[in-house]
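Here is a friendly walk through a protein model. Keep the 3D view open as you read, and look up each residue when it is named.

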There are 2 protein chains.
Amino acid sequence: MKEKIIEEAERLFWKYGVRTITMDDIARRLAISKKTIYQHFIDKEDIVFHVVKYHIENEVDEVCQLNAVAGNPIEELMLVSDMMRRHADEINPSVMLDIQRYYPKAWGVFLEYKENQIIKDIISNLQRGVNEGLYRTDLDLETMARLRVELLQIGFDEQIFPHHKDMYVVQDQLHHHFVRGILTLKGFEIYNNLKQTSERVQPIIYESK
Amino acid sequence: MKEKIIEEAERLFWKYGVRTITMDDIARRLAISKKTIYQHFIDKEDIVFHVVKYHIENEVDEVCQLNAVAGNPIEELMLVSDMMRRHADEINPSVMLDIQRYYPKAWGVFLEYKENQIIKDIISNLQRGVNEGLYRTDLDLETMARLRVELLQIGFDEQIFPHHKDMYVVQDQLHHHFVRGILTLKGFEIYNNLKQTSERVQPIIYESK
């Protein structure tokens, strides 16, 4: 039951925002009593905390699977980026902001995930890319990893990019620009091949040089 | 006298921070009475406003001169970036944050400058680069211009990049990554030549491919 509550709460939070959804809403959706919810969670903050934790655990699993499939570090970056944009489509943009403001414990889990997992994963990706001659050797790995995380966040920020109604275009531009900026000539060739393959699925026009 | 007060106030603000410097400090430094200051300015907010305006006007002049010297759009980007880092060395990092928080009128001047001048200048640079075959044709110019402005700002943000004591390294990495990310192969060649030339002046090691 606990997992079922978390899953339904996550679905409702992502869709309608964390603040608007009450314990009553969650109970009603699952056709259970509020008492049942309180058997598993202390309060709403506790639910938010578990939702974030559960979401992150799933994301870590998914990233692991993508990394196993990817043929090289460049493809890995592109697959993870696609995954993040797929997730983003499902999330009400206010959610992260509300969690940051009103649910410090849950936000803490996210910050820890960012520092201890995301940044380390990106540094590891960059290091492999450098070793394989795909990325530039003059990259300061931690600066670039932190830039990457920042770009994943600002791509949703309509104050920084107020000119586009479709934030997907912004995210796409930021992602491709990031990858382009770290490649060597050898990396370029692989990247262009990958882009041309993915263009068959996603009809976005890129020049190949 | 008005200009003299602005210049001295600017020097003191940049060095010690906007909030710590009082009207008395400015008067003492110039060996004039506070009454003289009040003949030209309503209050401290008015001085801050004029300092920001004066600073921006000088920066616009300097950018114009650099653009006139630059042989191509890539060199222009690199010269402007060098200029901004030179300016940044003179500025107490708290200044921009304090202006944003406590001097809304002066901050408004900066925001207007950003929207009406900086972003347009960068878009114009990008458009010329695309026309000359130096930058990719698949750039969304306004997204890239706004990214560039954002990068110039976050390069000073020690919360985003807490790992480096020397923020110059971070700014340098962000700048070179930005330029690398927009180039075509033809642009690459020019960029590598420019970097090798500037390396004679600045001994930072970059790989050339």
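Which charged end sits over the ring of Phe49(B)? The answer is Lys105(B), whose charged end is 4.3 Å from the centre of that ring. Please keep in mind throughout that this is a predicted model.

**Around Lys105(B)**

Lys105(B) also has Asp46(B) as a partner in contact. Asp46(B) belongs to helix 4 of chain B, which covers residues 44–69. Along the sequence, 59 residues separate Asp46(B) from Lys105(B), yet their C-alpha atoms are 8.5 Å apart in space. Leaving out residues up to four places away in sequence, Asp46(B) touches His40(B) and Phe41(B) as well as Lys105(B). Is Asp46(B) buried or exposed? Its relative accessibility is 8%, so Asp46(B) counts as buried.

Over all chains, the structure holds three aromatic pairs. In one of them, the ring centres of Phe188(A) and Phe188(B) are 5.3 Å apart and the planes stand at 50 degrees, so this pair is tilted. This pair crosses between chains: Phe188(A) is in helix 10 (residues 185–201) of chain A, and Phe188(B) is in helix 10 (residues 185–201) of chain B. Both Phe188(A) and Phe188(B) are buried.

Another pair is formed by Trp107(B) and Phe110(B), with ring centres 5.0 Å apart and planes at 35 degrees, so it is tilted too. Why are these two residues about one helical turn apart? Because Trp107(B) and Phe110(B) are three residues apart in helix 7 (residues 104–131) of chain B. Trp107(B) and Phe110(B) are both buried.

Helix 7 of chain B also holds Asn125(B). With a relative accessible area of 3%, Asn125(B) is buried. Not counting residues up to four places away in sequence, Asn125(B) touches Pro73(B), Glu76(B), Leu77(B) and Tyr135(B).

**Salt bridges**

How many salt bridges does the structure hold over all chains? There are 18. Here are some of them:

| Salt bridge | N to O distance | Location |
|---|---|---|
| Arg28(A) and Asp25(A) | 3.3 Å | helix 2 (residues 23–30) of chain A |
| Lys53(A) and Glu57(A) | 3.5 Å | helix 4 (residues 44–69) of chain A |
| Arg28(B) and Asp25(B) | 3.3 Å | helix 2 (residues 23–30) of chain B |

Arg28(A) and Asp25(A) are three residues apart, about one turn of the helix. Arg28(A) is exposed, with a relative accessible area of 60%. In chain B, Arg28(B) and Asp25(B) are likewise three residues apart, and Arg28(B) counts as exposed at 60% relative accessibility. There is also a network: salt bridges that share partners join Glu115(A), Glu142(A) and Arg146(A).

Lys53(A) and Glu57(A) are four residues apart in their helix, so about one helical turn separates them. Lys53(A) is partly exposed, with a relative accessible area of 36%, and Glu57(A) counts as partly exposed at 41%.

**Chain A and its helix 8**

Now step back to see a whole chain. Chain A has ten helices and zero strands. Its C-alpha trace spans about 60 × 35 × 30 Å along the principal axes. Of its 209 residues, 52% count as buried.

Helix 8 of chain A (residues 141–154) has 14 residues and reaches 20 Å from its first C-alpha to its last, close to the 20 Å expected at 1.5 Å a residue. This helix is mostly covered, with eleven of the 14 residues buried. Among them are Leu141(A), Arg146(A) and Ile154(A). What do the buried residues of helix 8 of chain A pack against? In chain A they pack against helix 5 (73–90), helix 7 (104–131) and helix 9 (167–182), and in chain B against helix 8 (141–154) and helix 9 (167–182).

**Where the chains meet**

Between the chains, 37 residues of chain A are in contact with 37 residues of chain B. About 3200 Å² of area is buried between chain A and chain B, and carbon and sulfur atoms give 63% of it. How many salt bridges does the rule find across this interface? It finds zero between chain A and chain B.

Definitions and conventions
Residues numbered from 1 in each chain as written. Chains lettered and ligands numbered in written order. Predicted model: local features only at pLDDT ≥ 70, side-chain atom pairs only at ≥ 80, totals over all residues. Heavy atoms only, no water. Phe/Tyr/Trp six-rings, centres within 6.5 Å; stacked < 30°, edge-to-face > 60°. Buried < 20%, exposed > 50% of the residue type's maximum accessible area, 1.4 Å probe, protein only. Lys NZ or Arg CZ within 6 Å of the ring centre and 35° of its normal. Expected span 1.5 Å × (residues − 1). Contact = heavy atoms within 4.5 Å. Buried area = accessible area lost by both parts, 1.4 Å probe. Salt bridge = Lys/Arg side-chain N within 4 Å of Asp/Glu carboxyl O.
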